[in-house]
Amino acid sequence: MPSLFDPIEAGSLHLPNRIAMAPLTRNRAPQAVPTQAMQTYYAQRASAGLLISEGTAISAQAQGYSDVPGLYGEEQLQAWKKVTHAVHAKGGRIVTQLWHVGRISHTTLQPGNHAPVAPSALTAQSKTYVIDPKTGEGSFLPTSAPRALKSEELPGIVHSFTVAAVEAVQSAGFNGVELHAANGYLLDQFLRTSTNHRTDDYGGSIENRCRLVRECMLSVADAIGGGKVGIRISPVTPANDITDENPQALFEHLVRVLAPLGLSYIHVIEGSTGGPRELAERPFDYHALKQAYRTAGGKGAWMVNNGYDRQMAVNAVESGYADVVAFGKAYISNPDLVHRLQANLPLNAWDSKRFYGGGEDGYTDYPSVTHS
């Protein structure tokens, strides 16, 4: 019987335990460049079996929030290299989450103040975080109206994900990448009936709506090796105004087409991201989802996320339901979370007022347990 604290092979990644740090947007990278504080932040949490970086934009067009990092400029890559070096020096492993926000953006964050892009020209009933360059104060503003991507632009999206993945591994020193296909961002927007009203080969049927995600995953896996690639999905979250008419069929199809790629892991957000794990109006069978992946030959680690406490995580791994459990907010306030969970120690409370933006206060100043 495996334990939450046992090692596991996740594709090409050797994880010393089955606890992952979930990607957490913190808005502390001015001009999209990682900082010294980020080196400290990630190194403090290097005892995780796997660190997944905050969402990191694959291009200037992919940006949707102020002060989130990127992977499309040399200064960014060199700054990330210092972060990964700090993590590796502590014996850790870190992958980066490759992010294109699609319509969840604001014109002030887009090159030339152009409209954000999306599968279809449908404005999200959502908000994004924008910092005023004059005052330095951040606020949540309604997302801007997007334009629909042309068919001939889609190979460029695939190319951007692929180049970012190669740069992440070869230049920035990440151990791998996770493609962000969750929470109502661009890849998720292509998957869903509420956001994808296209009539070309990327819209309509489930197969067509999965096409862009499959093409991105296949291209990235070919470029850096499938064993270094994960994907994050959120089958029923309402985050960023996203819904689908038949999520069970959609996501079972998606994991089946991803099964042959030899991926490192499938990262599943259960329920509403950061909210309830069960949604009465959006029932979903996660066991069936995993079975669909395994039956199709998928061997990647099955990573679960959303509201897990210690006992739930222990049970999920010991029962064989999950291979890895990802923790989000608990990792913000507990840099030594693995030790605390293993010793069954109390956890530091987090301060949600300090989640986004700011300096090291509420970022690198949460205390660790003193080891004897």
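Guide: Start with a term: two strands pair if DSSP finds at least two bridges between them. Strands here are DSSP E runs of at least two residues, helices are H or I runs of at least four, and both are numbered from the N terminus. The model is predicted; local features need pLDDT of at least 70, side-chain atom pairs count only at pLDDT 80 or more, and totals for chains, interfaces and linings use all residues. Residues are numbered from 1 along each chain as its sequence is written, and side-chain values use heavy atoms, without hydrogens and water.

Now the barrel. Eight strands close it in the order S3-S4-S5-S10-S11-S12-S13-S14, with parallel pairing. Neighbouring strands are turned by 25 degrees against each other on average, direction ignored. Angles run from 0 to 180 degrees between N-to-C directions, with axes fitted to C-alpha atoms, for helices over the stretch in contact.

Look at S12, residues 265–269. Five of its five residues are buried, so the strand is largely enclosed by the rest of the structure. Buried means under 20% relative accessible area, with a 1.4 Å probe and protein chains only. Both faces are covered: Tyr265, His267 and Ile269 lie on one side, Ile266 and Val268 on the other. In a regular strand the side chains alternate between the two faces of the sheet.

S12 pairs with S11 (residues 229–233) in the parallel sense over four bridges. Glycine 230 is opposite tyrosine 265 of S12.

Helix H8 (residues 286–295) lies across S11, S12 and S13 (301–305). H8 runs at about 160 degrees to S13. Contact means heavy atoms within 4.5 Å.

Key. Buried < 20%, exposed > 50% of the residue type's maximum accessible area, 1.4 Å probe, protein only.
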